[in-house]
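Grab your viewer and work through a few exercises with me. Each one has a task, followed by a solution in steps.

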Number of protein chains: 2
Amino acid sequence: MNIPMRTYLVTQGDRSGARGTADVVRAAIDGGVDVVQLREKHATARERYELGLELRDLTREAGVAFVVNDRVDIAAAVDADGVHLGDEDLPVSVASDHLGEEAIVGRSVSTPEAAREAERAGADYLGVGAVFATGTKDVADDEAEIGTARLADVAAAVDIPVVGIGGITADNARAVAEAGASGVAVVSAITDADDPAAATRRLRRAVDEGRGRVAR
Amino acid sequence: MNIPMRTYLVTQGDRSGARGTADVVRAAIDGGVDVVQLREKHATARERYELGLELRDLTREAGVAFVVNDRVDIAAAVDADGVHLGDEDLPVSVASDHLGEEAIVGRSVSTPEAAREAERAGADYLGVGAVFATGTKDVADDEAEIGTARLADVAAAVDIPVVGIGGITADNARAVAEAGASGVAVVSAITDADDPAAATRRLRRAVDEGRGRVAR
Ligand code: NI
């Protein structure tokens, strides 16, 4: 797997204001988002399945990677590109067996040890955080702030791409990329933005700058 | 699918006293249980997966049917015989496509209309309840008591087997079977019993009597 992960949107309808998640995803695609993850923490499996079918259409048309949080069965049912797993979810190896070797399997970790273990288990990328403490709770409430120094340690420990998550904004995204992350995963920085497309572009520019690339 | 469903155990570790769920399942198998459903409402997916592997071994060795509640991916991962789905879960057709035609796909319903719809969608059996109001909450808290008259209406509406659930004990299981149910699904009546094997036998005998068979 070698897909770009500069900007990675995690959906959450109840933090998308009056807009629906599909509208936010359309705008993020317009802003050049690389990956969309269906999360919708408070929705039922049936609701996530229905929304997943819709987001799959949108992302496929745009050539944007689409993954589903937690649920391997929903990922399979909507023909997502992969799944994102945490400590409480099915093991990476089970997801890979189930979805096939082509599938993208991401794993949430917060330490270099866990990162190496996930890489050995076959994870294709890592979500690492919470990089910054935040009231926006892009990650689980009990996720402690690890800062960019630990993020750098995690990124250095593995060869697979690492995306930072937790309290990331256009203002601090550059520091996340400078720490070695391939990109930034956000909820509110895009879903809550007045202009989600512009917010996505700002994040991407910050990541490009941090990674020493010319911003496009 | 034509498996017996006279006694159907729904697991719930936190209502199994000091025993673990595996111990309760062993005892229920000893008592002649026909189906075991892994529910464990408060466990993480990872925990259900690990426990599912263990229960799969126990049930396979005994030739007992084993299904997983809600999660098609966990059912597939532990090689269960099937899955049991509710209104908030993935559709029956998605589960059948995913697990294959041999898989047992059950569906929770409480009306004849929903029963016919589930049968048309390909459900192999129905869980119908709550038959009796109960403090033990074998079904969702918001599940209203439907009584044996409505259960009889549901059973009469479809050709697939129907199991009653909700507040069922050895004392009222006969009435559930007399209403047309193929069997009874229980949590507490087995998990909370002093002797889960004996409790399973009593339930089975009551169902056999209700179905007009000679108790074995
Ligand atoms: Ni599958």
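Before we start, helices (H or I, at least four residues) and strands (E, at least two) are DSSP runs, numbered from the N terminus. This is a predicted model, where local features need pLDDT of at least 70 and side-chain atom pairs count only at pLDDT 80 or more, while totals for chains, interfaces and linings use all residues. Residues are numbered from 1 along each chain as its sequence is written, chains are lettered from A and ligands numbered from 1 in the order in which they are written, and side-chain values use heavy atoms, with hydrogens and water left out.

**Exercise 1. A loop residue**

Solution: 
- Next, accessibility. Buried means under 20% relative accessible area, exposed over 50%, and partly exposed in between (1.4 Å probe, protein chains only).
- Now the contacts, where contact means heavy atoms within 4.5 Å.

**Exercise 2. Glycine in a loop, threonine in a strand**

Task: Work out the surroundings of A:Gly13 and of B:Thr7.

Solution: 
- A:Gly13 belongs to the loop between strand 1 (7–10) and helix 1 of chain A. Its relative accessible area is 22%, so A:Gly13 is partly exposed.
- Beyond four places in sequence, A:Gly13 is in contact with A:Thr21 and A:Glu40. From A:Gly13 to A:Leu38 the C-alpha distance is 9.9 Å, and the two are 25 residues apart in sequence.
- Over in chain B, B:Thr7 is part of strand 1 (residues 7–10). B:Thr7 is buried, at a relative accessible area of 1%.
- Leaving out residues up to four places away in sequence, B:Thr7 touches B:Gly32, B:Val33, B:Asp34, B:Val35, B:Val184, B:Thr200, B:Leu203 and B:Arg204.

**Exercise 3. Two helices in chain A**

Task: Describe how helix 1 and helix 9 of chain A pack.

Solution: 
- Get the geometry. Axes are lines fitted to C-alpha atoms, for helices over the stretch in contact, and angles run from 0 to 180 degrees between N-to-C directions. Helix 1 (residues 21–30) and helix 9 (residues 196–210) of chain A pack at about 45°, with their axes 7 Å apart.
- Classify the angle. Under 35 degrees counts as roughly parallel, over 145 as roughly antiparallel, 65 to 115 as roughly perpendicular and the rest as oblique. Helix 1 and helix 9 of chain A are therefore oblique to each other.
- Find the residues: A:Ala27, A:Ala28 and A:Asp30 in helix 1 of chain A meet A:Pro196, A:Ala197, A:Thr200 and A:Arg201 in helix 9 of chain A.
- Sort them: the residues of this contact divide into 4 nonpolar, 1 polar and 2 charged. Here Ala, Val, Leu, Ile, Met, Phe, Trp, Tyr, Cys and Pro count as nonpolar, Asp, Glu, Lys and Arg as charged, and the others, Gly among them, as polar.

**Exercise 4. The metal site**

Task: Which atoms coordinate the nickel ion?

Solution: 
- Set the cut-off: donors are N, O and S atoms within 2.8 Å of the metal (3.2 Å for Na, K and Ca), and water is not among the atoms, so sites may look incomplete.
- The nickel ion is coordinated by NE2 of A:His98 and NE2 of B:His98, at 2.2 to 2.3 Å.
- A:His98 lies in helix 4 (residues 92–99) of chain A and B:His98 in helix 4 (residues 92–99) of chain B, so the pair joins two chains.
- Check accessibility: A:His98 is partly exposed at 24%, and B:His98 counts as partly exposed at 25%.
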